[in-house]
Structures are given as C-alpha cells and as structure tokens.
Amino acid sequence: MGKLTIGCFSSLIGSMNLDFAIKLCALALEKGHKVDLWVSGNATMLSIKGQKPFKDYSHLEKPLKELMAKGLNVAVCEACAEARGYHKDNTLEGFKRHSMDWYLASTFDADRVLHIGGE
Amino acid sequence: MATKKLGFIIQRPPYKSENPKLAITHAIASQSVEVYLNEGDLVTADIAFIGDGVLNCKKDQKAMDIYKLTSTETHIKMALLLDLKVLVCKEDLDRFGLTENDIVLNAEEFGGETTVKIVPFSEINKMMEEVNHLLFF
C-alpha cells in the first residue's frame, strides 16, 4: 500500500475542493493507503470546531472525524489559521497544528502528492 | 540518506489571491523540514514563475506602503537569500513586455548571492521533469 499526501488551500465554504479532497481521502483509506491531509490558506476553515451544518453549505466535520478515526492524518497551517483568528482552543480535536515544513516533510515519503490550490 | 525534490509552479498573478505568497512561503519552509526527517534526508524546493505568475516578479512593489503587507517581491528575495532556485519564464515575460530590468533579480541588499534566472519555458519544463512532485499555485 502507498502513501498519499494531499495539500488543499481552498476554503470550506465557497468552493467544493475540500469536499473533493475529503472524498478522495476516504477512498484512499478504504483501499488501505496511508493519507496525510494538509490544509493551508483559506482551507484552514476546515479546522474550526462547532460549525453549524446547513444543507446549503459544505459541512465536513462529521466525515472528517470518521476519517480521522480510521487513521487520516490531518494538519492545519498554524500561521494561516492564527491569521484568520482560528486559535488552538477552537480547533477540532485530532487536528494537528504545524508550520509549513510539516507538509513538505510529508511529501518526502509520499508515493503521490496531490496539491489542490486555492481560489 | 535521500533527497526529494519539489517544484513550485506559480501561475497566478500577485495580490489577486494568496496563492503566490503561499507558494513561496511553503518553498522557503524546505529550509526547516529536517526536524521531521531522519538525519541526512532532505526536501528541496525549486520555484518557477510562468504565465500570469511572472507578474509576481515585478520590482519596486509598494505592498507595504499601500496594504501594510510584506510584498511578494520581498518573499522572492527571501527565497533567493536562502539559495532556492528561482526561474522565470522568458516567453511569458516577453508576452507582458517585461524585461530583466523590470523584475526582481537578486537579494543583494540582504547579502544574498543567488539570482533569479530568466529561462525559456523548455528549461522550466526540464526542471518539472526532474523533480519528484509538482505543486501548482
């Protein structure tokens, strides 16, 4: 089995890229691959806990928690999050907070890197 | 001991989105990646500006004066100071009527020795073939 590193920079609301990234994570984990997910820029919105689920807006907290329980390794860019007022005490449990070098380190032993840029 | 090469391809214009700056800051993060790796292992980052992305290289940017933000120009200089390879596509500069006189070429004021290289797209294509992973911004 391989390792997939996904970097996503698009916002949770206003783009469907994170929805796609989470679905891809799910499929890769299902096939037995190891998956690292890095969120940076506007994608750091994914890390905020307590988001209210409306049917008109992407809401990924539930599938994300399920995937983390299955071994998904998720980290948020700490600087990008702090710049947006997303602090540690408001971060979803299980979400790691790191600097950008974590993402680059994750690519080191990744078989594939899928980088999904921002808007 | 192993080295993984990353290629950061910047194709979006400056200040319209956060992408170009995020590309450069992520590339710069290659300098501190060792803390997560085994001794001797490395991740290197090359940067290439193509398409509208070459506009990021315009010199004399006034982001600090106007937005109170560090300019993309300064980010490029930081990358040069850290000896990252920075390539700029000549054909795309030509398309915008830009020459080497219009873009940031070095970080001499910070003591940097590495310079921006203006190269034909074929050179950037070669770099893209040589790296292990490509990241498009």
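**View 1. Strands β1 and β5 of chain B run parallel and are joined by four bridges.** Strand β1(B) covers residues 3-10, strands being DSSP runs of E of at least two residues and helices runs of H or I of at least four, numbered from the N terminus. Gly7(B) stands opposite Leu134(B) of β5(B). The model is predicted; local features need pLDDT of at least 70 and side-chain atom pairs count only at pLDDT 80 or more, while totals for chains, interfaces and linings use all residues. Residues are numbered from 1 along each chain as its sequence is written, and chains are lettered from A and ligands numbered from 1 in the order in which they are written.

**View 2. The open sheet of chain B has five strands in the order β4-β3-β2-β1-β5, with parallel pairing.** Two strands pair if DSSP finds at least two bridges between them. At the edges stand β4 (117-119) and β5 (133-136) of chain B, each with a single partner strand, so one side of each lacks a neighbour in the sheet.

**View 3. Buried residues of helix α1 (residues 17-30) of chain A line one face of the helix.** These residues are Asn17(A), Leu18(A), Ala21(A), Ile22(A), Cys25(A) and Ala28(A); on the other side, Leu27(A) and Glu30(A) are exposed. A residue is buried if 20 or more other C-beta atoms lie within 10 Å of its own, exposed if 12 or fewer, and partly exposed in between, with C-beta atoms placed from the backbone.

**View 4. Gly32(A) follows helix α1(A).** The phi of Gly32(A) is positive, near 95°.

Definitions and conventions: Expected span 1.5 Å × (residues − 1). Arc of directions from axis to C-beta.
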